[in-house]
Amino acid sequence: MKRERRRHPVRNFILILFLLMLGAAAAVSIYFGVKGYRLYQNAISQTTIEERVESIRAETDFVEYSQMPKFYIDAVISVEDHRFMYHPGIDPIAILRAALTDIRERAFIEGGSTITQQLAKNLLFTQDKKIERKAAEVFAAFDLEKKYGKEEIFELYVNMNCFGSGYDGFFDAAIGYFGKFPAELTKYESAMLAGIPNAPSAYSPYVNLELANQRVAQVLQSMVNHRIITQDEAEQILAGAWKGEVS
């Protein structure tokens, strides 16, 4: 007779522990998913997405996608969400990377939010870093992607962004920092405005010009890494950088 192979006690323990952890993760996901869905439904019951979008588009300083420098568009997508044109509103790869970073650092450092999710947050929710709000963003992001095209989502996003030093929206920032209409921005200026919203209070050139310039270099390097521009082009843009005082 063949003897039955017995599982090693340690292997049994590891398997049971893994299944328990998997079950706990599923339960937590469902719990916060339900809370997030309710939060989203509550937000749109007060004012719909369409109503909020129309109010933004009605503003006199609203900049349409076609009026934006292509270099600015490429810079924003590169540094904020380089798979923006292809994902359905969320980016599982970015979420996994952010989760691993947060676990490693034992802090909520990265959220893995796409441009669509950031727009959803700005349209509907507070800036509090809560798990249920992140879940609500996902439901809102999927709805935004169903109702609007990528170009529409992008233009809404940059027209709602905070650019530091009291400038809200792309038009306001272009005029305020450079005294130019958006279409007139240089590549260096475009890169600067692409980088500021990540941390407006830190990267505003009014606050710290040196740090703002360093952020430009990061944006350009991201564009190099994603093969939008070459290293030589990045260096040429930096060499002709805007060095004067902000007026």
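## Ground rules

Residue numbers start from 1 along each chain as its sequence is written. As the model is predicted, local features need pLDDT of at least 70 and side-chain atom pairs count only at pLDDT 80 or more, while totals for chains, interfaces and linings use all residues, and side-chain values use heavy atoms, with hydrogens and water left out.

## Where α3 meets α11

These two helices pack at about 85°, with axes 9 Å apart; axes are lines fitted to C-alpha atoms over the stretch in contact, and angles run from 0 to 180 degrees between N-to-C directions. That makes α3 roughly perpendicular to α11 (65 to 115 degrees). Phe71, Asp74, Ala75, Ser78 and Val79 of α3 make the contact with Arg215, Val219, Leu220, Ser222 and Met223 of α11; contact means heavy atoms within 4.5 Å.

## Out on a loop

Ala183 sits in the loop between α8 (170-178) and α9 (187-195). Is Ala183 buried or exposed? Ala183 is exposed, at 58% relative accessible area (the cut-off is over 50%).

Setting aside residues up to four places away in sequence, Ala183 touches Gln67 and Pro69. Ala183 and Gln67 are 116 residues apart in sequence, but 6.0 Å apart in space, C-alpha to C-alpha.

Key: Helix = DSSP H or I, 4+ residues; strand = E, 2+ residues; numbered from the N terminus. Buried < 20%, exposed > 50% of the residue type's maximum accessible area, 1.4 Å probe, protein only. Parallel < 35°, antiparallel > 145°, perpendicular 65-115°, else oblique.
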